[in-house]
Amino acid sequence: MPASEQLERFANGNGFIAALDQSGGSTPKALRLYGIDDDRYSTDEEMFDLINTARTRIVLSSSFDSGRVLGAILFQGTLDRRVDGVGFAQYLWDSKGIIPFLKIDKGLRDQEDGVQLMKDIPDLGSTLEDARTRGVFGTKERSVIHEASPEGIRRVVEQQFDVAAHVLAADLVPILEPEVSIDAPDKREAEELLKTEIFRGLEGIGDAQVAVKITIPTVDDFYADLIAHPRVARVVALSGGYPREDACARLSRNPGLIASFSRALLDGLTDQQDDAAFDRTLDDSIDAIYRASVD
């Protein structure tokens with residue numbers, strides 16, 4: 001089973017999850033927002049070196065502390081990187097007291113039935129074994145729902161729980177992420193269908209525990225019963241494209257729901273900032289997201 005200290009902290013600790021898992025498709029945009037234009041690199045290797053430097057700068061900052069940050073989601077390539085001479089995941093827990101998670105999905109299929117399922121995940125077993133030996137506590141796997149399609153949403157949740165079964169078998173904690181697009185024309189109806197399917201899926205996991213990452217709901221406190229479910233270790237929310245101030249305001253109206261923000265966390269950080277300005281900007285961001293997560 002996952003380390004009991006980490007599980008207790010994840011399930012009951014105050015704070016939020018930092019999403020530092022930008023991958024191939026999202027990295028160029030993330031770098032541009034960070035002040036690094038496309039002409040600064042010419043290969044994928046150079047691109048990933050740059051985004052890793054940014055991630056490392058965030059993690060090394062004194063503002064990135066376990067008093068407010070419960071965990072961090074990493075891209076698979078980040079596991080091969082080192083911080084102060086030790087593996088990235090090991091550094092997070094041993095030096096910062098922050099729980100490491102791994103993004104394991106390989107992107108999305110084309111839209112069908114109003115949803116995008118995950119692409120196949122080759123060598124999932126070996127990926128999970130490698131992650132566990134490197135000190136990773138759990139995983140995150142993302143699908144996207146674009147409309148209130150009963151069949152599409154059923155397939156999304158079924159696939160999420162299928163992957164979660166493999167993760168649980170590897171003694172890791174899965175974060176299911178069936179994101180509902182904030183642009184969905186029938187977002188509220190999609191969320192109602194999604195919650196019904198998640199509850200159905202939870203009936204099949206025995207006494208295991210999973211986490212769920214969802215879009216901040218249209219109706220405040222909509223996921224209160226999911227947060228209270230004994231088979232759910234934590235429910236976390238993505239910012240979904242909402243600006244940070246808006247995302248935090250929406251989050252604060254949902255007691256028990258904590259943030260797992262990416263763009264909203266990194267907003268305002270640039271490569272050109274000196275360390276003092278970088279740390280101040282990151283501290284302001286972390287403080288706002290933390291307060292919204294514990295309200």
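Let me begin with aspartate 123, which is exposed, with a relative accessible area of 59%, and which sits in the loop between β6 (115-116) and α5 (124-133). Please keep in mind, as I go through this, that we are looking at a predicted model. The phi angle of aspartate 123 is near 55°, which is a positive value in a residue other than glycine.

A positive phi turns up again at aspartate 221, where the angle is near 70°, and here too the residue is something other than glycine. Aspartate 221 belongs to the loop between β9 (210-215) and α8 (224-227), and with a relative accessible area of 38% it is partly exposed.

From there I would like to move to asparagine 254, because a polar atom of the asparagine 254 side chain lies 2.7 Å from the backbone nitrogen of aspartate 221, and asparagine 254 is buried, with a relative accessible area of 3%. Asparagine 254 itself is placed in the loop between α9 (244-252) and β11 (258-261). If we set aside its neighbours within four places in sequence, the residues in contact with asparagine 254 are Ile216, Pro217, Val219, Asp220, Asp221 and Phe222.

Lastly, a pair of helices. Helix α3, residues 44-60, packs with helix α4, residues 88-96, at an angle of about 10°, and their axes are 12 Å apart, so α3 is roughly parallel to α4. On the α3 side the contact involves Asn52, Arg55, Thr56, Val59 and Leu60, which meet Phe88, Tyr91, Leu92 and Lys96 of α4.

Terms used: Residues numbered from 1 in each chain as written. Predicted model: local features only at pLDDT ≥ 70, side-chain atom pairs only at ≥ 80, totals over all residues. Heavy atoms only, no water. Helix = DSSP H or I, 4+ residues; strand = E, 2+ residues; numbered from the N terminus. Buried < 20%, exposed > 50% of the residue type's maximum accessible area, 1.4 Å probe, protein only. Polar contact = N/O pair within 3.5 Å; in protein donor to acceptor, adjacent residues only side chain to side chain. Contact = heavy atoms within 4.5 Å. Axes fitted to C-alpha atoms, helices over the stretch in contact; angles between N-to-C directions. Parallel < 35°, antiparallel > 145°, perpendicular 65-115°, else oblique.
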